[in-house]
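Here are my notes for when you have the model open. Go through them point by point and find each spot in the viewer as you read.

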Amino acid sequence: MIDGDVLIRVEMQVLLYFAIGMILKKIRLAGPQEDQFLSELLMGLILPMNVFVAFYQPAYADELAAGGLLILAGSLVVVIVLLIARLLPKRIPPGKKRIAEYCMLISNGSLIGIPLIEALCGAAGVFYANIFMTPTRILSNVAGQSFFDVENQESGWRAGLKCSLTNPLILGMAAGFLLNQLHIPLPVPVMNVCSGLADCMSPLALILVGSTLYDAFSQVTLTHMFSLPIFLISLFRLLAAPCLTFLACVALGLDGTQRIAAVLVNATPVASTAVIFCQKYHGDIRFTSTCVFISTILSFITLWLVRF
């Protein structure tokens with residue numbers, strides 16, 4: 001169980017970073033172009049460097065074995081969630097149904113989960129969380145377009161596969177792991193720069209989420225805010241998904257920091273990438289933005305339930 005006082009402090013820090021992002025957007029020091037730049041900087045450099053540093057740390061045989069089990073646990077959860085998503089009512093329009101499936105499956109683990117886990121569990125938690133997220137990251141890259149561009153799913157899979165193989169996060173994991181296993185030391189200045197960039201990850205990621213939440217709030221109406229489907233999707237993402245993760249970890253014998261990292265990273269809100277994909281492929285942006293917004297707000301309550 002996670003200490004409640006620690007969780008309160010971490011949640012307060014997250015809220016303050018969110019507030020900074022919202023204030024920057026409100027006073028127009030941040031806008032769509034700035035959000036796009038920061039998003040690309042985070043996903044293309046800062047987060048991959050954070051992953052690289054986590055995987056460059058010495059790893060023992062038991063940690064590597066746990067990593068393999070975490071990938072298996074992540075894969076099991078993905079399969080189960082996809083099967084459950086198929087049970088969504090047929091009366092839901094296909095476009096909105098695919099968005100709902102994506103919201104149920106893909107968490108905001110990279111931008112919210114990793115900073116949270118880093119504060120609660122340290123570098124070891126970041127290492128295990130990144131391993132657990134490998135299946136969903138690959139799926140998001142390979143099949144992300146197919147959830148939103150229902151008319152062009154075949155090319156989406158081909159483009160997604162290519163994107164996944166060149167994804168900076170996957171490359172960062174692979175580079176850190178290989179250099180670690182081959183015992184290749186990096187020069188001190190290079191390692192200091194890598195660590196410095198990795199340390200920027202938490203504040204920049206949370207400020208970006210706050211800025212995008214400000215935009216999402218502008219899309220939310222009271223009717224959508226209290227929509228039962230959106231509420232249920234949010235609860236699935238925040239409670240059912242981490243419960244499934246917990247059961248998968250127990251079944252595979254994972255415990256301690258390994259289990260905590262996996263459960264927490266899958267207890268985070270709907271991924272912000274849902275809005276990006278929706279805008280790109282002209283989906284139901286209001287429905288998607290409301291899912292992201294409501295799930296993020298509810299997460300500050302549900303994390304208290306998940307911590308037990």
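1. Start with the salt bridge between the side chains of lysine 25 and aspartate 35, where N and O are 2.7 Å apart. Lysine 25 belongs to helix H1 and aspartate 35 to helix H2, so this contact ties together parts that are 10 residues apart in sequence. Both ends are tucked away: lysine 25 is buried, and so is aspartate 35. Keep in mind that you're looking at a predicted model.

2. How many salt bridges turn up in a search of the whole structure? The search finds three. One of them joins arginine 86 to glutamate 101, with the closest N and O atoms 3.7 Å apart. That pair links distant parts of the chain, 15 residues apart: arginine 86 is in the loop between H3 and helix H4 (94–105), while glutamate 101 is in helix H4.

3. Now the loop between helix H1 (4–26) and H2, where you'll find arginine 28. Its phi is near 65°, a positive value in a residue other than glycine. Is arginine 28 buried or exposed? With a relative accessible area of 76%, arginine 28 is exposed.

4. Histidine 183 is worth a check as well: its phi is positive, about 55°, although the residue is not a glycine. You'll find histidine 183 in the loop between helix H8 (168–181) and helix H9 (188–199). Histidine 183 is exposed, at 69% relative accessible area.

5. Next, follow H2 along its length. This helix has 25 residues and reaches 34 Å from its first C-alpha to its last, close to the 36 Å expected at 1.5 Å a residue. Where does H2 bend by about 45°? The bend is at leucine 42.

6. On to the rings: the whole structure holds four aromatic pairs. Phenylalanine 52 and tyrosine 56 make a stacked one, 5.6 Å centre to centre with 15° between the planes. They sit four residues apart in helix H2 (residues 32–56), so about one helical turn lies between them. Phenylalanine 52 and tyrosine 56 are both buried.

7. Phenylalanine 55 pairs with phenylalanine 127 in a tilted arrangement, 4.9 Å centre to centre and 50° between the planes. This one links distant parts of the chain, 72 residues apart: phenylalanine 55 is in helix H2 and phenylalanine 127 in helix H5 (residues 109–132). Phenylalanine 55 counts as buried at 5% relative accessibility, and phenylalanine 127 is buried at 8%. Ring pairs link Phe55, Phe127 and Tyr128 into a cluster.

8. Last stop, the surface. Leu69, Leu72, Leu76, Ile80, Ile84 and Leu87 form a nonpolar patch there, with about 490 Å² of accessible area together. Leucine 72 is in helix H3 (residues 61–85), and this residue is partly exposed at 39% relative accessible area.

Methods:
Residues numbered from 1 in each chain as written. Predicted model: local features only at pLDDT ≥ 70, side-chain atom pairs only at ≥ 80, totals over all residues. Heavy atoms only, no water. Phe/Tyr/Trp six-rings, centres within 6.5 Å; stacked < 30°, edge-to-face > 60°. Helix = DSSP H or I, 4+ residues; strand = E, 2+ residues; numbered from the N terminus. Buried < 20%, exposed > 50% of the residue type's maximum accessible area, 1.4 Å probe, protein only. Patch = residues over 30% accessible without salt bridge, like charges linked within 9 Å, V, L, I, M, F, W, Y side chains within 5 Å. Areas by Shrake-Rupley, 256 points an atom, 1.4 Å probe, with all protein chains shown as cover. Salt bridge = Lys/Arg side-chain N within 4 Å of Asp/Glu carboxyl O. Expected span 1.5 Å × (residues − 1). Bend = angle between axes of the 7 residues up to and from the residue.
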